[in-house]
Every structure is written in C-alpha cells, then in structure tokens.
Amino acid sequence: MEFWNPNIERLPEDELKQLQERKLRRLVENAFEYSSFYKERFGSAGISPNDIRSLEDLPKLPFTHKTDLRDTYPTGMFSVPQRQIVRFHVSSGTTGVPTVVGYTTNDIDVWSTCLARSLTACGLGRGDVVQVAYGYGLFTGGLGLHYGVEKIGATVLPIGAGSTSRQVSLMRDLGTTAMACTPSYLLHIGEVAESMKVDVASQTKLRVGILGAEPWSLESRKRIEQSLGITAYDIYGTSEMSGPLFTECSAQNGIHAWADHFLLEIIDDHGRPVEQGKKGELVVTTLSKEALPLIRYRMGDITSLVWEECECGRTHPKIMRVQGRVDDMIVIRGINVFPSQIESVLLQIPEVGDHFQIVVDRVGPLDVMTVKVEVTESALSDRIGALILLEERIAKQLQEVLMVNAKVELVERGTLPRSSGKSQKVIDLREV
Amino acid sequence: MVQNKILKQITLFAENKPGRLTSATKILSENGINIRAFTIADTGEFGIIRFVVNDADAALRHLQKAGFTVSETEVLGLEMSDTPGALFEISRALSENGINVDYAYAYASTAPGKAILILQASDLSKAADLLTERGFPLVQLSP
C-alpha cells in the first residue's frame, strides 16, 4: 500500500481533530483581521474570534454561500492583496455573473499536495502516464490535475478535452496508464477507440480512470471498468475549494477528504449538524487556503460523511457518493447549469415566452441538453426559416451564458408546465 | 398596389406530433370554415401549417380561442392556366424584377383548365403590381 505522506494520511482521528481545531482558530482570527467580508459577517452575527475555541463552536459561525462570491464579484472575498495572487480561475455563475477564485503560491502547493495524496491512493506514481482530458484554462479541472500529476513525478499528457480520435491514438502511442476526465467522456473515448479498431483493454496500457465533475452511478462505473479493463476512481472538488482534490482509494468506497486542509460538515434542511453517516448537505471550511478562505461554505451537494479508519489504512473522513443537489443545479458535461441562467437569457428574447423546460439526456455517452421554449404569436412567421433562425439565435445566446451547448426546441404556447418546481422544469433522462 | 387583391393566409404553429392537424382542422370544420388551400412546412420537430380559407378573420379568432399559436399573413393568389409553361412565365416575370419567391403552393381551380397559385414573395406589393400589369389575374377567395 503506497502513501504520499503516511504520517499525515494515517494520523489518528483525535490528532487530526486537534490539528483542525488549531487551524480553525487561526483561520477565524485571520479572517477577522484580514477579510472585510468576514469581519462584517461575523460582526452582524455577534461573533468574535474568542467565541471559537473548539470544533464544537463551529455551528456558531454563519454559513457562506455561492451568492456571496457572486455578490462580491470579482475579488471581494479575497483575504490577500492581488500581489500575492499567482493564479485566477473563473467559473460561469448562476445568472451570468462569474465566480472568481484566486490562489497564493501556498494555495497551489496545498491543492497539488492534496491531489498528490489522492492520485497515490489511486495507485499512481512515477512511471505512470496520466492523460488529462479535463478542460484546461479557466476551468480548474485541467490545470489542477496537471499539477497533481507533476507533483507525484508521473508523466502528464496535457491534452485537454476534445479531439477524441487524437485522445485514442496518443493514449496508445504514449502508453497512457491513467485517464483523467468525466466518466461520460471516457465512455465516448472508448467508443471512438472501438471505431478506430483499437481495443483499449488489450492494446493500450490504460489501467486507471480518475473520473468526476459530473454525477455517475455505480452501474456506469461497472460498465466503464468492464469495457475498458480499468479501475475507475471517483474524484471530488469544486473551484471554490480549489478544484479537484479528493479521490477514492483502492477500497473504492468513499472519497478521502484530507482533514488537515478541509473541515467538512453535513447539515440537515435546518442547517443543523446531522449524525455521522446520515445524509445531508456538505459544508466545507478551508483550513489552509490563504487567498480565498471559505468558512462554512454550503456546497449544495447532498452526501454523507463517514469518519472511520479505511481498509486502505487512511484515517481521514470519507465523503460517500454524492446523491443530488439541494438547489436546482444540473451538471452537463462537467459544467454547472442553473435554470435561472436559462431564464435570464429567455427574458431578453421577446419572441419566446418565459416558460421553459430543460431536458437532459445522454445520447451515446454524451450529455445533451434541450431547452424547450414556447413561441409567441408575434414571433410566428409564415417563413419557417425565420423560426429556425430564432432557435439558432437562442441557442447561441444560451451557449454564451452557460458555456455549454444547448439545443433549442420551439413548442406551442401553453404546453409547458407552469410550476416553478425543479421536477417540472428539469427532466433528467440520464441514467446515472 | 392592388390592396384588395392581397389574400389573408393563416399560419399555425404545430409541434410535430400526432393529432395536431386533426385538432386544428376540427376547429375550422366546427365553425363552418372552408379550407381552400393549405400546405405544411416542417423541420422535424415542429411545423407551420398555412391555410387559405374562405373567412380568414373567423379562422384566426376560433383557432386563437382554442389555444393555437396562429398569425395572419398576406400572400398573393394568382390564377394561371393549367398548361405547360404557366409557372415558368410567372417566375420569370418575378425573377427579372429581382423578386424572390419565398414559398408557393397551388391547387386546381373550380374553373376548368385553371389553377390557383398561392405565393409569398420578398416584395409582395411589387409582385402584385407587376403580375397584374403582365395580365395575370389576382384572385380573392371570398366566402
């Protein structure tokens, strides 16, 4: 059993908790001193750093939300001056306002270190070739994995997403042993390989998949593992936390969340902590981040947390499978989409009504999103080309805001459900 | 322009699923509206059905009331002889004058040896004037 840092990864739970407590106290003190955002937030909650002495005091601290990042766009929640920031990443926001995250040199190092432990837990190390097919650029997936792979001394193939036949030929020619991408994209790569008469299981060295950034089921894990002859590990992390951070280990039963850098809670609908192992919303406090520390940040993901020693020997808590969202966010090809974003685009297009329905399906291995909108009488032309152009124009505007392709379908007025509930607005036909 | 010779056409938006044409024509039938000509254009997911009827205003009203997405547009109705070369003469006259035909559909007239052409063009009033000038009679489909 390989470890990146056995001392910390196998540290007993009580010692980890002592470490968390120390770091939490320092985090709150620093936030109070250096962050005008948190100073004000703590002030209005009547909290001073002295109130936070132990982990039991954590619930006294107010939550932070994605909307806080948006409301303080671009860098209002940063705790260090810009001269200490060595990198930005930007994700698309819920109503067109993007979310900006920043990193100090130390933040990048902690991020890479977390991934180094995780990738090692997936059995990777020097000699491996890791093909990073997550998007590079403003998305945290590509560069995050890239730094993690370099940290463990493996070879990184920074191909990014897309050009699938090239993914296959380089995988074969350069001896790729691990693919890092979304599970649906790996299935697609597998299909393209088949059409290129490349049998991944017997003609490549691929043995590991580091898969995440979208929901996937145990069934699709089984399908991926069997069809490609690999072991597929789940990976978790969002741009607010840094990026992709934590993975499963050889036990493939829960994602090890490095407790020396992140303090995790699960809360119920009323914001109260739940018992260990019970389902609820994941809340994250960053214990080491400098540029953009987050205190009790609501992730919106529904999962459970188990803190017990794993059969792999690691002692850190495990995030069990993510079972859904508290909000109406949907994940399309690794990109977060909120129905409110679609609404804001449609409101600016007089030719269609405000009602819409999102249908998400998986065509082959790829997510396809269709947005149904009602055409208004004033927009109804006797020239069908005008209606096709209208569909294309809406699709283009949606793409600009969502950063993901959407197919637009005009429907008759009065046919879409009027309720605002997610179950009616979003029809997810994907079997995950 | 020969304003009284412009025809009103009903355009109806319909998703491409069974029963849509049935429900729309049922409304027309129940209200005693006679369809003189019609055509369907479709994209696969949706289509538009264009009707020329004996009472366009009534058709529009009843279809709207039944919840259909409908609109009224102007087209030309043109009588032509049901003989070789008739459409050629009309389209030549239009193209020589830089008028583009957006769509057209035809049906046999009740008058023997005649056909009626329904036509939408890039410049409808110019087309109407031109065709009248060239001696093609524009028709009105009155109740």
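Biologist: A:Ser239, buried or exposed?

Modeller: A:Ser239 counts as buried, because its relative accessibility is 14%. Buried means under 20% relative accessible area, exposed over 50%, and partly exposed in between, with a 1.4 Å probe and protein chains only.

Biologist: Before we go on, what are the ground rules?

Modeller: This is a predicted model, in which local features need pLDDT of at least 70, side-chain atom pairs count only at pLDDT 80 or more, and totals for chains, interfaces and linings use all residues. Residues are numbered from 1 along each chain as its sequence is written, chains are lettered from A and ligands numbered from 1 in the order in which they are written, and side-chain values use heavy atoms, leaving out hydrogens and water.

Biologist: Where does A:Ser239 lie?

Modeller: In chain A, in the loop that runs between strand E7 (231–236) and strand E8 (246–247). Strands (E, at least two residues) and helices (H or I, at least four) are DSSP runs, numbered from the N terminus.

Biologist: And what does A:Ser239 touch?

Modeller: Leaving aside residues up to four places away in sequence, A:Ser239 touches A:Ser91, A:Val101, A:Tyr103 and A:Thr140. Contact means heavy atoms within 4.5 Å.

Biologist: Tell me about strand E2 of chain A, then. How many of its residues are buried?

Modeller: Five of the five residues of E2(A), residues 99–103, are buried, so the strand is largely enclosed by the rest of the structure.

Biologist: Which way do they point?

Modeller: A:Thr99, A:Val101 and A:Tyr103 point one way from E2(A), while A:Val100 and A:Gly102 point the other way. In a regular strand the side chains alternate between the two faces of the sheet.

Biologist: How many bridges pair E2(A) with strand E1 of chain A?

Modeller: Five, and the sense is antiparallel; E1(A) covers residues 87–91. Two strands pair if DSSP finds at least two bridges between them. A:Ser91 stands opposite A:Thr99 in E2(A), and A:Ser91 is also among the residues that A:Ser239 touches.

Biologist: New topic. What is the order of the four strands in the open sheet of chain A?

Modeller: The order is E20-E19-E18-E21, and the pairing is mixed. E20 (406–411) and E21 (426–428) are the edge strands, each with a single partner, so one side of each has no neighbour in the sheet. From one strand to the next, the twist averages 20°.

Biologist: How do E19 and E20 of chain A run?

Modeller: Parallel, with six bridges joining E19(A), residues 366–375, to E20(A). A:Thr370 in that strand stands opposite A:Lys407 in E20(A).

Biologist: Which strands does helix H12 of chain A touch?

Modeller: H12(A), residues 384–402, packs on the sheet and touches E18, E19 and E20 of chain A, and its direction makes about 140° with that of E20(A). Axes are lines fitted to C-alpha atoms, for helices over the stretch in contact, and angles run from 0 to 180 degrees between N-to-C directions.

Biologist: And where does helix H11 lie?

Modeller: H11(A), residues 339–346, lies across E18 (352–363), E19 and E21 of chain A, running at about 135° to E18(A).

Biologist: Over to chain B. Which residues of helix H2 are buried there?

Modeller: In H2(B), residues 56–65, the buried residues are B:Ala56, B:Ala58, B:Ala59, B:Leu60 and B:Leu63. These buried residues pack against strand E1 (6–15), helix H1 (20–30), strand E3 (46–53) and strand E4 (69–81) of chain B. Just after H2(B), B:Gly67 takes a positive phi of about 95°.

Biologist: Which peptide bond is cis, with omega near 0°?

Modeller: The one from A:Tyr73 to A:Pro74. A:Pro74 has its place in the loop between helix H4 (66–71) and E1 of chain A.

Biologist: What is the phi of A:Ser242?

Modeller: About 140°, a positive value although A:Ser242 is not a glycine. A:Ser242 lies in the loop between E7 and E8 of chain A, and counts as buried at 2% relative accessibility.

Biologist: And the phi of A:Gln252, what is that near?

Modeller: Near 50°, again positive in a residue other than glycine. A:Gln252 is in the loop between E8 and strand E9 (255–256) of chain A, and is partly exposed, with a relative accessible area of 24%.
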